[in-house]
Amino acid sequence: MIHKKPNLDSLLSIFPAEFIHLSEDEQKISVQIYRLLAEGEPVPVERVAQVLGLAKDFVENILQKWPGVFYDGQKRIIGYWGLALPEMAHRFLVNGQTLYTWCAWDSLFIPAILQQTAEVESTCAATGEKIRLTVSPEGVTQVNPVDSVVSFVTSEAAKLRENVIVNFCHYVHFFSSVEAANQWVSKNSGTFVLSLAEAFRLGRMKNSIQYQKKLDKHSTM
């Protein structure tokens, strides 16, 4: 059974409010963590605080409230809201650094936050075929195979708080064609297919709400 695709606007409601609706300080902290992590090294909380001119305790208190923040043994950030240093399924090359994203959709909205173009390498979750795309802050500029699409899933905010990787990311993949994607979603309840353009647009909508101020390459907001 192929599941009907919801309206894009309604999809943002599945995410926890604390993920989408950020205060001005939370926006600054979030963007800065992404950009520091994209340098390819674990990020000490002290560095985030120093760059932004905030107290370390203040930053730590905010991070403790957020799901989806992962640390190494030295309490340095190595994974954050879709971007990771440890190897995962979706390779994400940006500014000479090899990183990874938790799911296919992360690869589409994170370049705008970084204000960098990324080369993304993944595999079709149905056929194993290699998928490569170039994603700039403005959109997907190259893709091979050209008919590649993305799966998406509706979920409950409580489940995303509990474990966003298991309850969301494990259902959001690249596929080499609509046909391959339809075979997969027919076996996975709550999933459906988005074109790359639709998935990118959804990510832009999320970024616009989440980071109300314009994302600028050189700004700490």
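Which residues are buried in α6? In this helix, Asp106, Ser107, Leu108, Phe109, Ile110, Pro111, Ala112, Ile113 and Leu114 are buried. Here buried means under 20% relative accessible area, exposed means over 50%, and partly exposed lies in between (1.4 Å probe, protein chains only).

The structure is a predicted model, in which local features need pLDDT of at least 70 and side-chain atom pairs count only at pLDDT 80 or more, while totals for chains, interfaces and linings use all residues. Residues are numbered from 1 along each chain as its sequence is written, and side-chain values use heavy atoms, with hydrogens and water left out.

**Helix α6 and the residue after it**

Helix α6 spans residues 106–114 and is mostly covered, with nine of its nine residues buried. Helices (H or I, at least four residues) and strands (E, at least two) are DSSP runs, numbered from the N terminus. Glutamine 115 follows α6 and is placed in the loop between α6 and β7. Although glutamine 115 is not a glycine, its phi is positive, at about 55 degrees. This glutamine counts as partly exposed because its relative accessibility is 24%.

**Packing of α3 and α5**

Helix α3 (residues 24–37) packs against helix α5 (residues 56–65) at an angle of about 85 degrees, and their axes are 11 Å apart. That angle makes α3 roughly perpendicular to α5, a class that covers 65 to 115 degrees; angles under 35 degrees count as roughly parallel, those over 145 as roughly antiparallel, and the rest as oblique. Axes are lines fitted to C-alpha atoms, for helices over the stretch in contact, and angles run from 0 to 180 degrees between N-to-C directions. On the α3 side, Asp25, Glu26, Ile29 and Ile33 make the contact, and on the α5 side Phe58, Val59, Ile62 and Leu63 do so; contact means heavy atoms within 4.5 Å. By class, this contact of α3 with α5 has six nonpolar, no polar and two charged residues. Ala, Val, Leu, Ile, Met, Phe, Trp, Tyr, Cys and Pro count as nonpolar, Asp, Glu, Lys and Arg as charged, and the others, Gly among them, as polar.

**Salt bridges**

Five salt bridges are found in a search of the whole structure, each defined as a side-chain nitrogen of Lys or Arg within 4 Å of a carboxyl oxygen of Asp or Glu. The table includes pairs from this set.

| Glutamate 39 | Arginine 47 | 3.0 Å |

Glutamate 121 lies in strand β7 (residues 118–123) and arginine 91 in strand β5 (residues 90–94), so their pairing ties together parts that are 30 residues apart in sequence. Glutamate 121 is partly exposed at 28%, and arginine 91 is partly exposed at 32%. Salt bridges with shared partners join Glu46, Lys56 and Glu60 into one network. Within helix α5, glutamate 60 and lysine 56 are four residues apart and hence separated by about one helical turn. Glutamate 39 is partly exposed at 41% relative accessibility, and arginine 47 is partly exposed at 35%.

**Backbone features in loops**

Asparagine 95 lies in the loop between β5 and β6 (97–101). Its phi is near 50 degrees, a positive value in a residue other than glycine. With 61% relative accessibility, asparagine 95 counts as exposed. The peptide bond from asparagine 144 to proline 145 is cis, with omega near 0 degrees; proline 145 lies in the loop between β9 (139–144) and β10 (149–153).
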